[in-house]
Amino acid sequence: MRISVDHHTRYRFSKPQDRLVQMLRLTPQDSVDQTVVTWHIGVDCDARLREARDGFGNRVTMLYADGPLDGIEITVQGEVLTAGDAGIVHGAVEPLPAELYLRRGGRTDPSADLLEFAGDHAGRDPLDTLHRFCRGLHERVGVIEKHHDDGLDAGQVFATTEAAPRDFAHMMIALGHAAGIPGRYVSGYLRNPDGAAHAPHAWMEAHVAGLGWVAFDAARGICADRNYVRVAVALDAAGAAPVAGLRIGSGREMLDVDVQVEDMGGDA
């Protein structure tokens, strides 16, 4: 599938800012499952952009802009060829051992209720268990799309009735850990086959012996397929945030995000 991405992130400030330093995790990488055809990051002000990699192997762009700045708009436009329907990740950059992803991130702490859910949904083997977790969460918790992050951890979200995709990813990671399965957070894009609203998306990858990393999207109750563009991985959402950084200046910050992810109707 040939997928186009058009992603605009706009920051507006109630008072001019003296300086902005931001880390952008907005660039996907080539693997067996996806090929980046074109990709461009643009900024609507004078800024310095420097390419690098973080400790998880993600491609990052460091952005430095001097003020006074009333706002900034970051634009991402690109095309990616995607393949594979079984959720298995092939040929991704892997600088770290899978066992590291047994470590909890700040947002993957479970609750007693979540651990009880893990025990009730255990399957005959790790892969069957993960599928049971994925389907069970999808049936139990409603899905909402929102750019605002409430900052809840996996156990806190499990006590609610609705959750964003990032929250489903955190819950899946916590459930995987409860079963002794390494799990990590993935940020990226989803082309919604049902025509639903677009937004930056998130899901979970679990490491299964004999298969490697397998992608589960509990927000949709399925394994990731050709509709997904994989961008960054980390222990939780904080480590894979599309835009993160600091600003020097007082006042409030207003954020607006607009994303369009489309099938361009071809594989080449």
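Modeller: Let's start with burial: a residue is called buried under 20% relative accessible area, exposed over 50%, and partly exposed in between (1.4 Å probe, protein chains only). In this chain, buried residues make up 50% of the 268 residues.

Biologist: What kind of model is this, and how are its residues numbered?

Modeller: This is a predicted model, in which local features need pLDDT of at least 70, side-chain atom pairs count only at pLDDT 80 or more, and totals for chains, interfaces and linings use all residues. Residues are numbered from 1 along each chain as its sequence is written, and side-chain values use heavy atoms, with hydrogens and water left out.

Biologist: How many helices and strands does the chain have?

Modeller: Helices (H or I, at least four residues) and strands (E, at least two) are DSSP runs, numbered from the N terminus. Here the chain has four helices and 13 strands. Its radius of gyration, taken over C-alpha atoms, is 18 Å, close to the 18 Å from the globule rule (2.2 Å times the number of residues to the power 0.38), so the chain is as compact as a globular protein of that length. Along the principal axes, the C-alpha atoms fill a box of roughly 60 × 45 × 35 Å.

Biologist: What share of the contacts joins residues 24 or more positions apart?

Modeller: A contact means heavy atoms within 4.5 Å. Among the contacts in the chain with a separation of 6 or more, 75% are between residues 24 or more positions apart.

Biologist: Which residues does Val21 touch?

Modeller: Leaving aside residues up to four places away in sequence, Val21 touches Met62, Leu63, Tyr64, Ala244, Gly245 and Leu246. Val21 sits in strand S1 (residues 2-24), and its relative accessible area of 18% makes it buried. From Val21 to Ala244 there are 223 residues in sequence, yet their C-alpha atoms are 8.6 Å apart in space.

Biologist: And Gln17, is that residue buried or exposed?

Modeller: Gln17 is buried, with a relative accessible area of 0%. Gln17 is also part of strand S1. Beyond residues up to four places away in sequence, Gln17 touches Gly67, Pro68, Leu69, Arg247, Ile248, Gly249 and Ser250. Its C-alpha is 11 Å from that of Leu246, which is 229 residues away along the chain.

Biologist: Pro68 turned up in that list. Where is the cis peptide bond?

Modeller: As background, most peptide bonds are trans. In this model, the bond from Gly67 to Pro68 is cis, with omega near 5°. Pro68 lies in strand S4 (residues 59-82).

Biologist: On to the cysteines: how many disulfides does a search of the whole structure find?

Modeller: A disulfide is a covalent bond between the sulfur atoms of two cysteines. With the cut-off set at a pair of cysteine sulfur atoms within 2.5 Å, the search finds zero disulfides. For Cys134, the nearest cysteine sulfur is that of Cys223, 6.4 Å away. Cys134 counts as buried at 2% relative accessibility, and Cys223 is buried too, with a relative accessible area of 14%.

Biologist: Now for a loop. Where is Asp44 found?

Modeller: Asp44 is in the loop between strand S2 (34-43) and strand S3 (48-53). It is partly exposed, at a relative accessible area of 47%. Asp44 touches Ile72 and Glu73, not counting residues up to four places away in sequence. Asp44 and Phe56 are twelve residues apart along the chain, with 29 Å between their C-alpha atoms.

Biologist: Which residues touch Asp109?

Modeller: Apart from residues up to four places away in sequence, Asp109 touches Arg104, Asp153, Ala154 and Gly155. Asp109 lies in the loop between S4 and helix H1 (112-120), and at 30% relative accessibility Asp109 is partly exposed. Asp236 is 127 residues from Asp109 in sequence and 10 Å from it in space, C-alpha to C-alpha.
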